[in-house]
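Visitor: Could you walk me through how to read a few features of this model?
Guide: Gladly; let us look at it together.

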Amino acid sequence: MRVIAIEEHFTTNEHVKALRSLIHRVNSGSADAMDESNISFEARWVLPAKLPADDGGIMEKLLDVGEHRIHVMDEAGIDMQVLSIMSPGVQAFDGETARILAKSINEELAEIVERNPRRYAGLATIAPQDPKTAAEELKRAVMELGLKGVCIHSHTKGEYLDDRKYWNIFAMAEKLSVPIYLHPRIPSPDMVRPYLTYPCLATGMWGFSAEVSLHAMRLICSGLFDQYPGLRIILGHFGEALPFWLWRLDNRWQKNLFGMQLKKKPGDYVRENFLVTTSGMFHHPSLQCAYSTLSADRILFAVDYPFESCNDAVTFIRSAPMSDDEKGQMFGRNAEKLLKL
Ligand code: MN
């Protein structure tokens with residue numbers, strides 16, 4: 001069975017340089033961005049200073065799309081990585097910087113894929129700071145550069161995509177029939193403060209999931225999927241806990257305490273418009289929850305390289321108490337269909 005991992009990260013030298021420059025400006029007090037106070041925490045991999053010993057060469061791995069990465073994939077039995085830019089993408093920059101950088105990241109990614117189309121595919125980077133050009137860049141990335149969808153790193157300057165000014169991005173994704181991977185970053189400025197008392201909470205242990213699940217629920221509550229029923233959103237970490245909450249979402253919704261209207265129940269949108277991945281969540285009970293609430297054709301394999309182990313991720317699915325046919329779906333066939341690989 002073909003093994004395709006779909007939340008696998010890379011970066012470019014230009015992206016690293018821009019992040020370093022932003023961190024420098026924030027630290028020296030000259031950045032005007034209201035929401036970038038945690039950027040050095042968020043993009044800590046790119047700091048030139050010595051990092052704690054446990055960084056595991058993350059920076060080198062993010063920049064490498066050559067021999068070492070292919071070797072790691074081969075060892076684990078991964079046939080293809082679908083690459084996306086590391087968090088926070090270009091969403092921490094001012095609009096003009098972000099727009100220019102997104103274009104060059106997409107071009108560089110298209111070249112990486114072109115050099116090795118059997119092993120790599122790519123998800124585009126866009127700058128939601130300017131929704132109109134973001135939608136145009138998505139179109140260019142898919143139609144001209146051959147990328148298979150787009151990865152958006154949750155909030156942009158503290159704003160969420162349920163705001164109607166961003167909906168032309170969704171209109172374009174639906175028109176192009178490509179999915180949006182809604183990827184974590186540190187919670188938005190209005191939400192992050194209580195996490196920072198214990199900094200581990202702001203990232204993968206809790207904050208990432210809290211941020212993205214809130215974002216996904218805002219999309220559902222906004223009526224976005226009534227307007228764009230063909231839209232498909234991918235969530236990592238088995239759906240950022242939404243499958244676990246499914247019953248309660250609908251139960252509370254049906255009480256209609258706030259008089260909000262949607263065509264369907266919130267859980268219906270989770271089941272119909274969302275797909276989930278195994279990224280960074282190699283735990284059989286969590287898989288069982290997603291499997292029983294959504295089914296095997298809504299679950300896609302992902303590692304979250306280089307932050308997680310390719311071997312652990314593959315072993316986890318191979319040892320799952322499911323049929324080979326269902327493992328084949330999760331490992332590759334769902335991705336082939338969704339991303340047209
Ligand atoms: Mn990731």
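Visitor: Which residues make the nonpolar surface patch?
Guide: A patch is made of residues with over 30% relative accessible area and no salt bridge, with like charges joined within 9 Å and nonpolar side chains (Val, Leu, Ile, Met, Phe, Trp, Tyr) within 5 Å. A salt bridge here is a side-chain nitrogen of Lys or Arg within 4 Å of a carboxyl oxygen of Asp or Glu. Areas come from the Shrake-Rupley method with a 1.4 Å probe, and for residues only the protein chains shown count as cover. In this structure Leu-257, Phe-258 and Met-260 make a nonpolar patch of about 380 Å².

Visitor: What should I keep in mind about the source of such values?
Guide: This is a predicted model, where local features need pLDDT of at least 70 and side-chain atom pairs count only at pLDDT 80 or more, while totals for chains, interfaces and linings use all residues. Residues are numbered from 1 along each chain as its sequence is written, and side-chain values use heavy atoms, leaving out hydrogens and water.

Visitor: Where does Met-260 lie?
Guide: Helices (H or I, at least four residues) and strands (E, at least two) are DSSP runs numbered from the N terminus. Met-260 sits in the loop between α12 (242–255) and α13 (266–273).

Visitor: Is Met-260 buried, exposed or partly exposed?
Guide: Buried means under 20% relative accessible area, exposed over 50%, and partly exposed in between (1.4 Å probe, protein chains only). With a relative accessible area of 37%, Met-260 is partly exposed. Pro-179, in the loop between α7 and β5 (180–182), counts as buried at 1%.

Visitor: What does Pro-179 touch?
Guide: Contact means heavy atoms within 4.5 Å. Leaving aside residues up to four places away in sequence, Pro-179 touches Lys-148, Gly-149, Val-150, Arg-232, Ile-234, Leu-338 and Leu-339.

Visitor: Which residues coordinate the manganese ion?
Guide: Donors are N, O and S atoms within 2.8 Å of the metal (3.2 Å for Na, K and Ca); water is not among the atoms, so sites may look incomplete. Here Glu-7 (OE), His-9 (NE2), His-183 (NE2) and Asp-304 (OD) coordinate the manganese ion at 2.0 to 2.3 Å. Their spacing in sequence is E-x1-H-x173-H-x120-D. Both Glu-7 and His-9 are buried.

Visitor: What span should helix α9 have?
Guide: The expected span is 1.5 Å times one less than the number of residues. For the 15 residues of α9 (207–221) that gives 21 Å, and the end C-alpha atoms are 21 Å apart, which agrees. After α9 comes Gly-223, with a positive phi near 85 degrees.
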